Amino acid sequence: MIKFLILVNKQGQTRLARYYEDRRDLTASERTAQEADIVRKCLMRGEQQCSFLEYKGYKIAYRRYASLFFIVGSDADENELATLEFIHALVETLDRYFENVCELDIMSQLDKAHFIVDEMLVNGCIMETNKNLVLEPLAVIDKS
């Protein structure tokens with residue numbers, strides 16, 4: 001099960017974050033510090049290193065597309081390759097909607113980006129990967 005999804009730029013600034021785990025034992029500052037630590041570990045890794053790492057009981061899978069890093073944390077039961085495939089499907093869906101997605105698209109239309117993520121992930125479970133089905137409700141909203 002996916003526990004969180006974070007999109008950051010090359011400087012490590014968070015552009016979109018979605019959590020699917022209720023961690024009441026963490027304060028907001030502790031969660032921010034944990035997120036910063038995960039982002040730092042991903043950004044420091046070289047291109048020759050694999051896109052997976054383990055961090056405090058999470059399996060982290062990440063992938064860089066242009067200036068954005070897509071970071072997904074999951075529990076130990078989740079398949080890392082399936083997580084990478086999900087990241088790729090998410091990027092393709094964002095690309096189709098925003099016509100070659102970039103950091104500025106995410107920042108200027110954050111609500112649409114969250115909507116796409118919410119259509120694909122429900123409570124940390126991958127529900128839909130078909131781009132057409134994910135974007136159908138947005139097309140209806142955009143028409144009105």
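## Ground rules

Residues are numbered from 1 along each chain as its sequence is written, and side-chain values use heavy atoms, with hydrogens and water left out. Because the model is predicted, local features need pLDDT of at least 70 and side-chain atom pairs count only at pLDDT 80 or more, while totals for chains, interfaces and linings use all residues.

## Aromatic pairs

Rings of Phe, Tyr and Trp (its six-membered ring) pair if their centres lie within 6.5 Å; planes under 30 degrees apart are stacked, over 60 edge-to-face, and the rest tilted. That rule gives 4 aromatic pairs. One of them joins Phe4 and Tyr19 in a tilted arrangement, 6.0 Å centre to centre with 45° between the planes. Phe4 sits in strand E1 (residues 2-9) and Tyr19 in strand E2 (residues 14-19), so this pair ties together parts 15 residues apart in sequence; strands (E, at least two residues) and helices (H or I, at least four) are DSSP runs, numbered from the N terminus.

Buried means under 20% relative accessible area, exposed over 50%, and partly exposed in between (1.4 Å probe, protein chains only). Phe4 is buried at 3%, whereas Tyr19 is partly exposed at 27%. Another pair, Tyr65 and Phe70, is edge-to-face, with 5.8 Å between centres and 90° between planes; Phe70 is buried, at 1% relative accessibility.

Phe4 and Tyr19 also share one aromatic cluster with Tyr58. Over the face of Tyr19 lies Arg31, 4.1 Å from the ring centre (the rule asks for NZ of Lys or CZ of Arg within 6 Å of the centre and within 35 degrees of the ring normal).

## Pocket and cavity

On a 1 Å grid over the protein atoms alone, a cavity is a set of points where a 1.4 Å probe fits but cannot get out; a pocket is an open set with protein on both sides within 12 Å along at least five of seven lines, and lining residues have an atom within 4 Å of a point. The largest pocket has a volume of about 220 Å³. Its lining includes Cys42, Arg45, Tyr62 and Phe69. Helix H1 (28-44) and strand E4 (58-65) each give two or more residues to this lining, and E4 gives the most, with 3.

There is 1 cavity of 30 Å³ or more, and the largest cavity holds about 80 Å³ of space. Among the residues lining this cavity are Phe4, Tyr19, Arg31 and Tyr58. H1 supplies the largest share of the cavity lining, 4 residues.

Key: Points joined across faces, edges and corners; volume = space filled by probe spheres on them.
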